[in-house]
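Open the structure in your viewer and keep the selection tool at hand. The tour goes from stop to stop, saying what to select and what is found there.

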Amino acid sequence: MPRPIHATIHTAALHHNLTRVRQAVPDAKVWAVVKANAYGHGIERAFEGLRGADGFALLDLAEAERVRQLGWRGPILLLEGVFEPRDLELCSRLGLWHAVHCDEQIDMLAAHKTQVPHRVFLKMNSGMNRLGFTPQRYRSAWARLNALPQVDEISFMTHFSDADGPRGIAHQMAAFTTAAEDLPGERTLSNSAAILRHASAAGVRADWVRSGIVMYGSAPDYPEHTASHWGLQPTMTLSTRLIATQQLQAGDTVGYGSRFVADAPLTIGVAACGYADGYPRHCDTGTPVLVNGVRTQLVGRVSMDMVTVDLTPLQQAGVAAGFGSEVTLWGQASNGTVLGVDEVAGAAGTVSWELLTALAQRVPVSVDGNG
C-alpha cells in the first residue's frame, strides 16, 4: 500500500466558487486563471469545475495546449504574453490571445508573418511596477500596435497591487482611466481581491475579470476576511492518517531540535506528511490541524515525511484516535469540518497561493475521491 497522504480536488467547490465570482460581477465575463497548473490542482482535474468560465488565463504555452486538448474552443489569454518570436506561431495555431507589455513584444509582432491577425491585451503599469507600459507611454504603444496589420483587436489590462489592503485601487484606476479613457476595446482589470472587495467601485467595471485564488477557495484578503466570509468552498483537501502514537511525560521533547517540551503527560499522534509532500516546514507548534474532524495543533518541527500532533483535544471531546485516524492538513474532513488553507499558510508566514502550488509530485491526487 502507498503512504496514506492524499490530495482530493473538489469539482463541485470549483463550480461553486465560479458561481460566487459571477454573483459578485454579474455584468463581466470571467477568466478562470489556471496558471501554475491550476494553482497546483492540475489543469485536467480542475477543468470540469471551471469550464463554465468565459475563458482561461495562464502563462505557459504548454498549459495552453493542454487546455485546447481538453476540448476548450473559447478564449485563452497568455497573461505575460510571448517570450520569443516563435511563440507567436503557436499563438496563431492555437488561437491564443496574448498580453503585450513591452516594446520588444511589439517588435516581435511587427516582424511576425501571419495571415491571421492577433488579439492582444495591451498592459498598463498603473502602479504595480512589474509589467506594462507607464501611463505616459501607453497611448504611443497603442498607436504602434494599432498600425500593425498583424494585430486585429486591441484590449486593455492592468493589475492592482493593493486591492486586498487599505490602499485600495483608486490611485491605479485614476491612472488607467486617464490614459485609456477614449481608446476603443475591451478592458480587463480586477483580480480576485478586486472582484470581492471593489466590484462596485466607481470606474472599476470592465468587460473581463481575472479570477485566480478566489476560484480555489481562498480569501484573497486573509486574515481580514476568511473564505467562509466570502462564501467560498475549499477546492483541495490534503489529508493523511496517523501512523503511530506516543505517550510523553513532562519534560519529554518532540522532533528535531527538541523545540517542543511537554509540560505534563501528553499523547501525540504521528502523521504521514512532511515538507517533502509540500507541507510548509515553517509551520511550528500551534499550527491548526484536524484529527478525525476535531481541531487540534502541531507540536514540534515539521520533518521531511512526518508531523506530530497533540491528541489532547480529541481526548477531551471523547473522540478516539490512534493508528489509521484521519488527519486533515487543510480542506474538508470526512465529518464536514473545514480547515482553511489560509489558516495553515498564515501559521507558516506565507500565503495560500504558495501552499497550493507547492503540492509535491509524490502526493497522489484524485478528483472528488474517485481516482
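Is Tyr216 buried or exposed? Select Tyr216: its relative accessible area is 2%, so Tyr216 is buried (buried means under 20% relative accessible area, exposed over 50%, partly exposed in between, with a 1.4 Å probe and protein chains only).

This is a predicted model, in which local features need pLDDT of at least 70, side-chain atom pairs count only at pLDDT 80 or more, and totals for chains, interfaces and linings use all residues. Residues are numbered from 1 along each chain as its sequence is written, and side-chain values use heavy atoms, with hydrogens and water left out.

**Aromatic rings**

A pair of aromatic rings is described by the distance of the centres and the angle of the planes. The structure holds eleven aromatic pairs (rings of Phe, Tyr and Trp, the last by its six-membered ring, pair if their centres lie within 6.5 Å; planes under 30 degrees apart count as stacked, over 60 as edge-to-face and the rest as tilted).

Tyr39 belongs to helix 2 and Tyr216 to the loop between strand 9 and strand 10, 177 residues apart (helices, H or I with at least four residues, and strands, E with at least two, are DSSP runs numbered from the N terminus). Tyr39 is also buried, at 6% relative accessibility.

Next select Trp97 and Trp208. Their ring centres are 6.2 Å apart with planes at 85°, so the pair is edge-to-face. Trp97 is in strand 5 (residues 97–100) and Trp208 in strand 9, so the pair ties together parts 111 residues apart in sequence. Trp97 counts as buried at 17% relative accessibility, and Trp208 is buried at 2%.

**Packed helices**

Select residues 61–69, helix 4, and residues 87–94, helix 5: the two pack at an angle of about 10°, with axes 11 Å apart (axes are lines fitted to C-alpha atoms, for helices over the stretch in contact, and angles run from 0 to 180 degrees between N-to-C directions). Helix 4 is therefore roughly parallel to helix 5 (angles under 35 degrees count as roughly parallel, over 145 as roughly antiparallel, 65 to 115 as roughly perpendicular and the rest as oblique). On the helix 4 side the contact involves Leu61, Ala64, Glu65 and Arg68, and on the helix 5 side Asp87, Leu90, Arg93 and Leu94 (contact means heavy atoms within 4.5 Å).

Move to helix 6 (residues 103–111) and helix 7 (residues 135–146), which pack at about 10° with axes 10 Å apart. These helices are therefore also roughly parallel to each other. Show the side chains of Asp103, Ile106, Asp107 and Leu109 in helix 6, which meet Arg137, Ala141, Arg144 and Leu145 in helix 7.

**Backbone stops**

Most residues other than glycine have a negative phi, and most peptide bonds are trans. Select Ala38 in helix 2 (residues 35–39). Ala38 is not a glycine, yet has a positive phi of about 55°; Ala38 is buried, at 0% relative accessible area.

Ser258 is in the loop between strand 11 (253–254) and strand 12 (260–261). Its phi is positive too, near 50°, and Ser258 is partly exposed, at 37%.

Finish at Tyr222 and Pro223, joined by a cis peptide bond with omega of about 10°. Pro223 is in the loop between strand 9 (208–211) and strand 10 (236–248).
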